[in-house]
Each structure stands twice: as C-alpha cells, then as structure tokens.
Amino acid sequence: MNAKESASQSASDRGTVPRGNIAGLKKNLASDFTAGFLVFLLALPLCLGISGASGFPAINGVFTAIVGGIVCVFLSNSELTIKGPAAGMIAIVLGAVLDFAELEGVSQNINEPLIYMKYLPTVAAIAVVAGVLQIVFGALKAGDLADIFPASVIRGLLASIGLIIIGKQLYPLLGLKPNASSKAYEAYLEMPAHLPHFAWQIALVGLSSLLLLFVYPSLKNRFAICRAIPAQLIILMIAIPASAYLYSDFDGMKRSYSITHDGEPVAQEVKSLFVKVPDGAGSLAKSLIFPSFSRMGEFIFWKWVVMFCFVGSLESLLSAKAVDVLDPWKRKTDLNRDLLAVGVANTAVAAIGGLPMISEIVRSSANRDYGARTKWANFFHGMFLLVSILILSSLLNKIPVTALAAMLIYAGCRLAHYSQFLRVFQVGKEQLVVFVSTIAGVLATDLLIGVGIGMLVKIVIELCEGVSPLEFVTMPVQIDDWGSARRITLQGSAVFTNWLMLKKKIRSQPSDEDVIVNFNHSHFVDHTVMARLAELKSDFQAVGRELILVGFDHHQLRASNDESARKKNPLAV
C-alpha cells in the first residue's frame with residue numbers, strides 16, 4: 001500500500017472528522033461539554049497559581065483563560081488546544097515585574113503583591129504591545145519563524161524556565177519567604193540559609209500535594225476513576241481541609257518567617273497563606289488592571305515586549321504543533337491563524353490586566369484524553385471558569401498557596417525533566433553543549449540573553465564543522481523532475497538559519513507530486529534541519545504524499561539517532 005492509499009485508509013478508519021462549526025457544536029455537544037468541565041477542574045487551580053507566581057493577583061490568571069476560551073474559538077481553527085496562562089510564562093511575567101522594581105531599588109519579597117502593584121499597569125501595557133505584534137506576525141503569516149530557532153536551544157529555554165519555576169516555588173511550598181531577586185540561580189543558592197526556618201504545617205500540605213502529583217500517573221493506570229478526575233482536584237479536596245486544621249495552631253493567627261540569612265523574623269498573617277480572590281462581580285471589577293504606556297520610551301519596556309512576544313509565540317506554536325500530533329483525526333492547525341487568534345485574545349485580556357496566554361500543552365493533552373472532539377471544549381472550559389469566579393469565590397479563598405506551589409513545581413519538573421537532557425544527548429554531544437549553554441545563560445542572566453548565548457554556541461560549533469559564513473544565509477538548490485517526483489538537490493550546508501529557505505522550496509512543489517531531497521552535495525546537515533524534515537515528512541504522509549531524503553551514503557552521523565547532525569566524509573568521492 002502506497003502513501004496515498006495509506007492516508008486515505010487512515011482517514012476512513014477515523015470516520016467523519018469533527019469540525020468546530022455550529023453543526024459540529026450541535027453534533028459533539030455532549031463530548032465537548034464534558035471535556036470542557038473536566039479541563040476547567042484542572043485549569044482553575046493552575047490559573048490561580050500561575051498568576052500568583054507571576055506577581056499578579058491570582059484572579060487575573062483566570063481572566064486569561066476565560067478570554068482565551070471565548071475569543072479563540074471564533075478565530076482559530078485549532079480543534080483541541082486549550083488557551084490560557086502557562087507555567088512557562090511565569091519567568092517572563094515575574095521577570096518583568098522584578099526588573100521594574102529593581103530599577104527603582106525595590107527589593108522586597110514577591111509574596112507581598114501590594115509592593116508590586118504599581119508596576120503591573122506597565123507590565124499589562126507590555127503584554128498589549130506584544131499581543132499586537134502577534135496579530136501582525138499572524139497576519140503576515142510569520143508563524144514559520146519559530147522553526148528558525150535551533151531545536152536544542154528551544155529545549156534549553158523550556159528546561160531553564162522549568163528550573164526557574166522550581167527555584168521560586170520551593171519557598172511558598174515550605175512556608176519560606178525568599179529575598180526577591182532577578183537572577184534565577186540565587187533562589188537555589190539562598191535556599192540552605194532559609195531551610196531551618198521552614199513551617200512544618202505548610203510544608204506538610206505542600207509536600208504531600210507534590211507527592212500525590214508524582215504518584216497519580218501510576219494510579220491512573222490502575223484505577224479507571226482516576227483517569228476521569230484531575231490530580232489537581234484531588235489535591236484541593238485534601239489540601240483545603242488539611243490546611244484549615246493545621247494552620248489553626250499558629251499563635252495568634254500569625255506566623256514569623258525568615259527573610260534574611262541571619263534569621264530575622266517578619267510577622268506574616270495566616271490569611272496570606274491562602275489564595276485571595278475578590279468576592280462578587282463588584283469586587284472583580286476592582287481587580288481589573290488597566291495598561292499604562294508611560295514607559296514606552298524606555299529600553300526596558302521594549303526588552304520585555306520582545307520577551308513576551310518571542311517566548312509566548314514560540315511556546316504557543318510548539319504546543320499547537322504537539323497537540324496536532326495527539327489529535328485522533330490528525331487535523332492540522334493553521335499556525336498563522338492560531339497566532340493571530342492568540343494575539344487578539346492577548347491584546348484583549350492584557351487590556352484588563354490578564355496574563356499572557358498560549359496554547360497550553362498540559363491542558364490541551366488532558367482535553368484530548370477527556371474526549372473533546374472540537375474547539376468548543378475550550379469555549380466551555382472558559383465559561384465554567386467565568387461561572388466559578390462569580391459564585392465560588394468563598395471556596396477559592398480557602399485554597400492554600402502551598403498546594404498551588406506544588407502544582408507549579410510539578411509543571412516545572414516536567415519542563416526540566418531529566419529525559420530532556422537524555423533526549424538531547426541522544427542526538428549528539430554537541431547538542432548537549434548547546435542545550436546546557438542555553439540553560440546556564442538563562443539562569444545566570446535572563447531569558448533573552450540566554451537564548452542568544454545558546455544560538456551563538458550553536459553557530460560556533462557549526463563554524464568548527466566547516467560551515468562557511470555565507471552558507472548560514474543562503475540555500476542554493478537545483479530542482480528537476482525525477483520520474484513522477486520532484487527532486488531538490490542541495491548545493492551547500494543545511495543549517496538552522498537557512499532551514500526556512502529549504503522548507504519554502506519543498507512546499508512550493510506541485511501538491512500532487514512527491515518530493516525527493518538530495519543531500520549528496522551537502523557538506524553538513526544540522527540536527528535542527530533533520531528534526532524539521534521529520535516533522536515535514538509526517539505532514540506529507542497525512543495528505544498522501546512522500547518526502548524522501550537521499551544522498552546520505554557518505555555522511556557520518558554525530559550520534560545514532562536519525563535526527564542527529566551529519567557531516568560528509570571529506571574522503572568520499
């Protein structure tokens with residue numbers, strides 16, 4: 001059976017493909033409504049925790065998911081993605097808040113949000129401008145620009161964000177108060193000095209919640225009921241009564257925490273250990289944060305605009321592509337249209353002080369697992385969140401912060417999981433160097449500089465492999481007919497910086513023909529190009545075409561993985 005017959009057979013096996021139009025809403029209402037409700041149970045605590053960890057009022061993260069669910073369903077064709085705030089953006093938003101605070105000499109603790117309220121309108125303005133840029137990029141069909149960043153740098157960026165989240169959230173998990181710092185690594189260095197002052201009552205709730213998150217996947221494999229109930233909901237059902245009981249013996253409803261290396265105590269009210277959500281629609285209106293553009297003329301403003309737009313767009317596009325792979329019907333998201341939709345929603349929600357949103361991979365994966373069929377599940381999840389903050393505020397205010405910290409640490413561990421290091425090592429030792437360099441650069445400086453360091457290391461490695469400076473910006477090819485297919489023969493090295501040129505050549509071939517890419521005259525092909533070609537091969541197979549790679553007979557692999565970089569043997573004829 002050839003590729004075209006196989007694709008046709010697969011589509012037939014999957015039956016009628018669900019679509020998120022009005023007819024699809026009626027036909028798939030039960031499935032999408034149920035999935036939306038279950039995702040809401042997962043999303044609510046995560047939205048609250050992500051917002052609080054970002055230096056914003058907890059409720060503002062819920063605003064993001066509500067707007068993402070309601071707006072994006074009408075603009076994007078992505079059927080299974082869930083839009084909302086993501087743990088990966090904590091480091092960006094919090095970094096902006098702390099950067100402005102540090103600029104004015106404010107060095108108080110991020111657990112005291114009122115100290116930072118004066119900076120939030122400026123951060124909201126940054127998010128508005130970044131959202132507008134996303135709209136522009138989507139309209140200009142610039143979604144493919146995400147592919148230009150080296151695969152190992154992207155993985156290093158996501159892993160470093162995970163490490164930042166873990167370092168920051170260990171403190172509220174244990175009932176500690178760190179010294180605010182704009183440098184991520186300092187959170188780890190200061191931890192030993194703070195540990196003797198941890199609050200066991202808070203730590204017990206937090207560590208128990210974290211343990212449950214790690215063991216819950218194995219429980220899901222053994223008990224069917226666990227597959228239908230998010231672990232986060234179980235945690236809240238346990239943590240809320242447990243914290244109410246354990247915190248009751250705090251002397252005079254107060255507790256002292258160390259915020260210095262010398263152990264000087266600072267009084268902290270017990271109520272600050274719980275989520276703070278406004279009560280009623282009137283109070284919700286007071287939580288809105290309106291953007292202030294008064295600092296648009298400063299470099300720091302535009303530095304964070306770039307970070308918001310770059311990391312948010314990159315993570316959203318990567319998540320949307322990953323969810324397409326999980327889709328049982330193999331529907332393809334128009335990445336440019338999705339980027340435009342996210343930009344519109346980001347601009348709208350930032351105008352009221354919400355956090356940046358992306359297509360969030362964990363909630364999207366759960367959405368698929370819960371039986372969602374179309375994008376209306378995202379809509380229902382947003383509506384359930386809206387109803388919850390209107391009528392459940394008293395219950396939400398009983399959620400302990402330490403439980404939310406556990407959920408965020410778990411998310412951080414997924415981003416910085418050891419398997420990420422192993423996966424990069426398996427495609428080449430040089431890729432591990434790029435990966436670790438990116439992580440070290442981010443933790444020592446900031447996200448933007450860290451990415452720059454990773455890309456610079458990548459370029460230096462490829463220069464050492466014999467890639468000429470000109471080859472980084474050119475892609476000479478020869479195109480001819482080869483039987484019933486089109487053959488593209490490369491005349492130079494294929495690296496991450498010229499990948500988009502090659503992709504354009506491949507995509508421009510007639511849609512009813514297979515494509516052969518010949519690397520016989522290519523001196524060097526890097527890991528990023530091989531990884532992107534593997535993705536493109538899957539896209540071709542989904543529509544019954546073939547993308548065939550040839551000409552590697554005289555190339556040496558940098559590792560045993562098929563996506564490893566490869567260099568032509570100089571002795572080959």
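The model is predicted, so local features need pLDDT of at least 70 and side-chain atom pairs count only at pLDDT 80 or more, while totals for chains, interfaces and linings use all residues. Residues are numbered from 1 along each chain as its sequence is written, and side-chain values use heavy atoms, with hydrogens and water left out.

**Salt bridges**

- The count comes to 21 salt bridges, a salt bridge being a side-chain nitrogen of Lys or Arg within 4 Å of a carboxyl oxygen of Asp or Glu.
- Glu465 and Arg558 meet through their side chains in a salt bridge, at 2.8 Å from N to O. This pair links distant parts of the chain, 93 residues apart: Glu465 is in the loop between helix H21 (447-464) and strand S5 (477-482), and Arg558 is in the loop between strand S10 (555-557) and strand S11 (566-568).
- Helices (H or I, at least four residues) and strands (E, at least two) are DSSP runs, numbered from the N terminus.
- Arg558 is partly exposed, at 30% relative accessible area, whereas Glu465 is buried, at 11%. Buried means under 20% relative accessible area, exposed means over 50%, and partly exposed is in between (1.4 Å probe, protein chains only).
- Glu465 also forms a salt bridge with Lys567, where the closest N and O atoms are 3.6 Å apart. Lys567 is in strand S11 and Glu465 in the loop between H21 and S5, so this pair ties together parts that are 102 residues apart in sequence.
- Asp480 and Arg487 form a salt bridge between their side chains, at 2.9 Å from N to O. Arg487 is buried, with a relative accessible area of 18%.
- One network, joined by salt bridges that share partners, holds Asp144, Asp147, Lys321, Lys503, Arg532 and Glu535.

**Sheet**

- Three strands form an open sheet in the order S8-S11-S10, with antiparallel pairing. Two strands pair if DSSP finds at least two bridges between them.
- Strand S8 (524-525) and S10 are the edge strands, each pairing on one side only.
- S8 and S11 run antiparallel and are joined by two bridges. Phe524 stands opposite Lys567 in S11.

**Aromatic contacts**

- There are 15 aromatic pairs. Rings of Phe, Tyr and Trp (its six-membered ring) pair if their centres lie within 6.5 Å; planes under 30 degrees apart count as stacked, over 60 as edge-to-face and the rest as tilted.
- Phe379 and Phe380 are an edge-to-face pair because their ring centres are 5.8 Å apart and their planes are at 70 degrees. Phe379 is buried at 17% relative accessibility, and Phe380 is buried at 12%.
- A cluster linked by ring pairs contains Phe33, Phe37, Phe40, Phe74, Trp376, Phe379, Phe380 and Phe384.
- Arg566 has its charged end over the ring of Phe552, 4.6 Å from the ring centre. A charge sits over a ring if NZ of Lys or CZ of Arg is within 6 Å of the ring centre and within 35 degrees of the ring normal.

**Nonpolar patch**

- Val387, Leu390, Ile391, Leu392 and Leu395 make a nonpolar surface patch of about 420 Å². Patches are made of residues with over 30% relative accessible area and no salt bridge: like charges are joined within 9 Å, nonpolar side chains (Val, Leu, Ile, Met, Phe, Trp, Tyr) within 5 Å.
- Helix H16 (residues 376-391) gives the largest share of the nonpolar patch, three residues.
- Val387 is found in helix H16 and counts as partly exposed, at 42% relative accessibility.

Note on methods: Areas by Shrake-Rupley, 256 points an atom, 1.4 Å probe, with all protein chains shown as cover.
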